[in-house]
Amino acid sequence: MTDKNLSPSMGMQKQATLQMAIAMTIFGTIGIFVRYIPLPSSIIALARGIIGTLFILLFSLLQKKKPDVTAIRKNLVLLAVSGLFIGANWILLFEAYRYTTVATATLCYYLEPIFVFLLTPFVLKEKLTGKQIFCVLAALLGMVFLSGILQGEGIGAKDLKGILLGTSAALLYACVILMNKFLKDISSFDRTLTQIGMAAITILPYCLVTESVSTLTFGGTTILLLLVVGILNTGISYTLYFAAMKDLSASTTALFSYIDPVVAIILSTVILRETMGLYDCIGAVLILGSTLYYEFGDKISFAKK
């Protein structure tokens with residue numbers, strides 16, 4: 001009887017684990033698709049927001065799950081601002097892919113937890129712990145290795161711009177993470193749907209002002225790739241992510257998030273032929289290792305005891 005009672009929950013957890021693994025793998029592929037789309041980053045971000053929002057909304061309606069309008073209205077200001085930041089975050093990250101390798105841009109983007117640590121004392125009035133300070137220093141050291149300074153060669157202006165864009169994208173997303181802590185009585189689904197929709201709404205006027213939309217050409221391949229980024233990398237991945245989150249612990253979700261940069265690094269090497277030297281690998285280990293240690297360092301120490 002005990003096995004029968006446990007089997008449904010175990011089955012749900014296995015399904016959630018698979019969903020999370022698939023979602024994170026999909027997230028890790030976006031840099032490859034964006035690299036092959038011959039459009040401005042702002043247009044790609046706009047298409048991602050519109051297509052992703054429509055897909056998530058359609059999926060929720062098919063599931064007979066309507067957005068909680070009251071909860072959204074209650075948090076509208078924060079959702080609008082965070083949506084603006086998400087839109088800008090996408091543009092900066094997509095630009096970073098164009099100026100440096102997908103691997104380097106992704107690693108810079110993974111500085112987001114470090115920015116959260118640094119901003120926490122000012123936003124949440126919480127003091128940095130010794131562990132957080134250690135992780136910040138390790139991540140910064142990782143950036144030094146990525147920069148090529150230790151090899152005495154420095155980096156080119158193009159790569160430097162890509163690193164700065166990727167790091168700026170990480171900073172913006174860190175701000176989104178902190179703003180989300182002030183949202184009240186709203187589900188993760190309603191929050192994500194609204195923020196992605198707001199991202200599209202705020203990107204639209206920016207595109208109209210900065211881009212000559214009428215002169216842009218959309219070939220068959222370009223349209224297909226935009227649909228992939230909007231449906232697969234946004235709609236499907238976010239749907240799988242939030243469906244899995246409710247059945248997985250926070251620590252398990254955090255651990256699975258590391259599939260994203262690993263997939264991005266592997267694909268950039270295999271598909272784009274972007275090489276990573278020894279110093280780049282050391283930088284990657286320091287950046288990813290610092291955030292991994294912050295999430296699971298205590299548990300690792302406890303296990304050894």
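The expected span of a helix is 1.5 Å times one less than its number of residues. Keep that in mind for the first stop, and remember as you click around that this is a predicted model.

**Stop one: helix 7.** Select residues 112-123, which make up helix 7. Count along and you get 12 residues. From the first C-alpha to the last, helix 7 reaches 15 Å, close to the 16 Å expected at 1.5 Å a residue. Now colour the buried residues of helix 7: Glu112, Pro113, Ile114, Phe115, Val116, Phe117 and Thr120. Then step just past the end of helix 7 to Lys125, where phi is positive, at about 60°.

**Stop two: Thr104.** Is Thr104 buried or exposed? Its relative accessibility is 13%, so Thr104 counts as buried, the cut-off for buried being under 20%. Show the side chains here and look for Thr101: its side chain and that of Thr104 make a polar contact at 2.8 Å.

**Stop three: a pair of helices.** Two packed helices are described by the angle between their axes and the distance between the axes. Select helix 5 (residues 76-99) together with helix 9 (residues 157-180). Their axes come within 8 Å and cross at roughly 160°. Angles over 145 degrees count as roughly antiparallel, so that is how helix 5 runs relative to helix 9. Turn the view and you can follow helix 5 as it passes helix 9 in a left-handed crossing. What sort of residues form the contact of helix 5 with helix 9? They divide into 16 nonpolar, 5 polar and 5 charged.

How values were computed:
Residues are numbered from 1 along each chain as its sequence is written. This is a predicted model: local features need pLDDT of at least 70, side-chain atom pairs count only at pLDDT 80 or more; totals for chains, interfaces and linings use all residues. Side-chain values use heavy atoms; hydrogens and water are left out. Axes are lines fitted to C-alpha atoms, for helices over the stretch in contact, and angles run from 0 to 180 degrees between N-to-C directions. Helices (H or I, at least four residues) and strands (E, at least two) are DSSP runs, numbered from the N terminus. Angles under 35 degrees count as roughly parallel, over 145 as roughly antiparallel, 65 to 115 as roughly perpendicular and the rest as oblique. A crossing is left-handed if the near helix is turned anticlockwise from the far one by less than a right angle, and right-handed if clockwise. Ala, Val, Leu, Ile, Met, Phe, Trp, Tyr, Cys and Pro count as nonpolar, Asp, Glu, Lys and Arg as charged, and the others, Gly among them, as polar. Buried means under 20% relative accessible area, exposed over 50%, partly exposed in between (1.4 Å probe, protein chains only). A polar contact is a pair of N or O atoms within 3.5 Å; within protein, one must be able to donate a hydrogen and the other to accept it, and residues adjacent in sequence count only if both atoms are side-chain atoms.
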